[in-house]
Amino acid sequence: MAHRFMKNRPTSYLRNLFVSVFLFLAVLGLFSYGIASVQKDIEKNEMETLQSAITRDITRCYAQEGTYPESLSYLVKHYGLTYNSEKYYIDYQPLGANLMPDVTIIQKGGKHSWVFDILKNI
(Lines give C-alpha, C1' and ligand atoms only; values in the text may rest on other atoms or scores of the structure.)
Protein backbone atom coordinates (compact mmCIF):
# COMPACT_ATOMS: atom_id res chain seq x y z
CA MET A 1 0.00 0.00 0.00
CA ALA A 2 2.92 2.32 0.41
CA HIS A 3 3.52 2.40 -3.35
CA ARG A 4 -0.09 2.54 -4.38
CA PHE A 5 0.17 5.77 -6.45
CA MET A 6 3.66 5.30 -7.85
CA LYS A 7 4.08 3.90 -11.30
CA ASN A 8 7.09 1.87 -12.15
CA ARG A 9 7.70 3.47 -15.49
CA PRO A 10 11.31 3.60 -16.63
CA THR A 11 12.57 7.09 -17.49
CA SER A 12 13.94 7.68 -20.94
CA TYR A 13 17.58 8.77 -21.14
CA LEU A 14 17.00 10.77 -24.34
CA ARG A 15 13.99 12.56 -22.91
CA ASN A 16 15.98 13.59 -19.83
CA LEU A 17 18.83 14.75 -22.02
CA PHE A 18 16.53 16.85 -24.23
CA VAL A 19 14.82 18.42 -21.21
CA SER A 20 18.19 19.25 -19.66
CA VAL A 21 19.54 20.78 -22.86
CA PHE A 22 16.34 22.75 -23.40
CA LEU A 23 16.41 24.15 -19.86
CA PHE A 24 20.10 25.03 -20.20
CA LEU A 25 19.49 26.86 -23.48
CA ALA A 26 16.47 28.66 -22.02
CA VAL A 27 18.50 29.89 -19.03
CA LEU A 28 21.38 30.86 -21.34
CA GLY A 29 19.00 32.79 -23.59
CA LEU A 30 17.47 34.68 -20.68
CA PHE A 31 20.93 35.49 -19.35
CA SER A 32 22.05 36.79 -22.77
CA TYR A 33 18.90 38.89 -23.08
CA GLY A 34 19.52 40.38 -19.63
CA ILE A 35 23.11 41.28 -20.45
CA ALA A 36 22.08 42.86 -23.76
CA SER A 37 19.41 44.89 -22.00
CA VAL A 38 21.87 46.14 -19.38
CA GLN A 39 24.40 47.00 -22.12
CA LYS A 40 21.77 49.00 -23.99
CA ASP A 41 20.89 50.94 -20.84
CA ILE A 42 24.57 51.66 -20.15
CA GLU A 43 25.10 53.01 -23.67
CA LYS A 44 22.02 55.20 -23.35
CA ASN A 45 23.28 56.58 -20.03
CA GLU A 46 26.72 57.24 -21.55
CA MET A 47 25.15 59.28 -24.35
CA GLU A 48 23.04 61.27 -21.88
CA THR A 49 26.05 61.91 -19.64
CA LEU A 50 28.17 63.06 -22.58
CA GLN A 51 25.39 65.35 -23.79
CA SER A 52 24.98 66.93 -20.35
CA ALA A 53 28.77 67.32 -19.93
CA ILE A 54 29.05 69.14 -23.26
CA THR A 55 26.07 71.37 -22.48
CA ARG A 56 27.47 72.12 -19.02
CA ASP A 57 30.89 73.08 -20.41
CA ILE A 58 29.38 75.22 -23.17
CA THR A 59 27.26 77.05 -20.60
CA ARG A 60 30.20 77.48 -18.22
CA CYS A 61 32.33 78.89 -21.05
CA TYR A 62 29.60 81.38 -21.94
CA ALA A 63 29.19 82.41 -18.29
CA GLN A 64 32.93 82.92 -17.75
CA GLU A 65 33.99 84.39 -21.10
CA GLY A 66 30.82 85.97 -22.48
CA THR A 67 30.95 84.01 -25.75
CA TYR A 68 30.26 80.45 -26.73
CA PRO A 69 33.29 78.30 -27.58
CA GLU A 70 34.27 78.30 -31.23
CA SER A 71 35.06 74.58 -31.39
CA LEU A 72 34.86 71.33 -29.49
CA SER A 73 38.64 71.26 -29.17
CA TYR A 74 38.41 74.52 -27.21
CA LEU A 75 36.20 72.78 -24.65
CA VAL A 76 38.60 69.85 -24.48
CA LYS A 77 41.64 72.10 -24.03
CA HIS A 78 40.28 74.78 -21.68
CA TYR A 79 37.42 73.10 -19.82
CA GLY A 80 38.67 69.54 -19.47
CA LEU A 81 35.99 67.84 -21.54
CA THR A 82 36.90 64.20 -22.09
CA TYR A 83 35.13 61.61 -24.19
CA ASN A 84 35.92 58.46 -26.11
CA SER A 85 36.56 59.74 -29.64
CA GLU A 86 36.79 56.18 -30.93
CA LYS A 87 33.25 55.47 -29.71
CA TYR A 88 31.48 58.79 -30.37
CA TYR A 89 31.48 61.31 -33.18
CA ILE A 90 30.50 64.80 -32.01
CA ASP A 91 29.32 67.27 -34.63
CA TYR A 92 29.85 70.75 -33.18
CA GLN A 93 28.38 73.61 -35.22
CA PRO A 94 28.91 77.10 -33.76
CA LEU A 95 26.10 79.45 -34.75
CA GLY A 96 27.68 82.69 -33.53
CA ALA A 97 29.29 84.27 -30.50
CA ASN A 98 25.97 84.80 -28.72
CA LEU A 99 24.00 81.75 -29.94
CA MET A 100 24.36 78.33 -28.37
CA PRO A 101 26.10 75.92 -30.76
CA ASP A 102 24.32 72.96 -32.28
CA VAL A 103 25.78 69.70 -30.92
CA THR A 104 24.98 66.26 -32.34
CA ILE A 105 26.44 63.08 -30.85
CA ILE A 106 26.59 59.95 -33.00
CA GLN A 107 27.74 56.61 -31.66
CA LYS A 108 30.22 54.96 -33.98
CA GLY A 109 29.38 51.37 -34.83
CA GLY A 110 25.77 51.83 -33.75
CA LYS A 111 22.58 52.04 -35.78
CA HIS A 112 23.73 55.19 -37.53
CA SER A 113 27.36 54.23 -38.15
CA TRP A 114 26.86 54.75 -41.89
CA VAL A 115 26.49 58.48 -41.19
CA PHE A 116 29.97 58.51 -39.62
CA ASP A 117 31.42 56.64 -42.60
CA ILE A 118 30.03 59.28 -44.95
CA LEU A 119 31.30 62.16 -42.78
CA LYS A 120 34.74 60.56 -42.47
CA ASN A 121 35.13 60.40 -46.26
CA ILE A 122 34.24 64.06 -46.80
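Let's start with a pair you can find in the model: D57 and R60, whose side chains meet in a salt bridge with N and O 3.1 Å apart. A salt bridge here is a side-chain nitrogen of Lys or Arg within 4 Å of a carboxyl oxygen of Asp or Glu. Before going on, keep in mind that this is a predicted model, where local features need pLDDT of at least 70, side-chain atom pairs count only at pLDDT 80 or more, and totals for chains, interfaces and linings use all residues. Residues are numbered from 1 along each chain as its sequence is written, and side-chain values use heavy atoms, with hydrogens and water left out.

Back to our pair. D57 and R60 are three residues apart in helix α1, so about one helical turn separates them. (Helices are DSSP runs of H or I with at least four residues, strands are runs of E with at least two, and both are numbered from the N terminus.) The two side chains are also joined by a polar contact of 3.1 Å. That term means a pair of N or O atoms within 3.5 Å; within protein, one must be able to donate a hydrogen and the other to accept it, and residues adjacent in sequence count only if both atoms are side-chain atoms.

Is D57 buried or exposed? With a relative accessibility of 3%, D57 is buried. For this label the relative accessible area has to be under 20%, while exposed means over 50% and partly exposed lies in between (1.4 Å probe, protein chains only). R60, at 35%, is partly exposed.

D57 has another partner, too: R56 forms a salt bridge with D57, and their closest N and O atoms are 3.9 Å apart. R56 is exposed, at 52% relative accessible area. Put together, R56, D57 and R60 are linked in a network of salt bridges. Which residues does D57 touch once its neighbours within four places in sequence are left aside? They are L75, Y79 and L81, where contact means heavy atoms within 4.5 Å.

Now for another spot. The structure holds three salt bridges, and one of them brings together the side chains of E46 and K87, at 2.6 Å from N to O. E46 lies in helix α1 (residues 13-65) and K87 in the loop between α2 (72-79) and β1 (88-93), so this pair ties together parts that are 41 residues apart in sequence. E46 is partly exposed, with a relative accessible area of 31%, and K87 counts as partly exposed at 22%.
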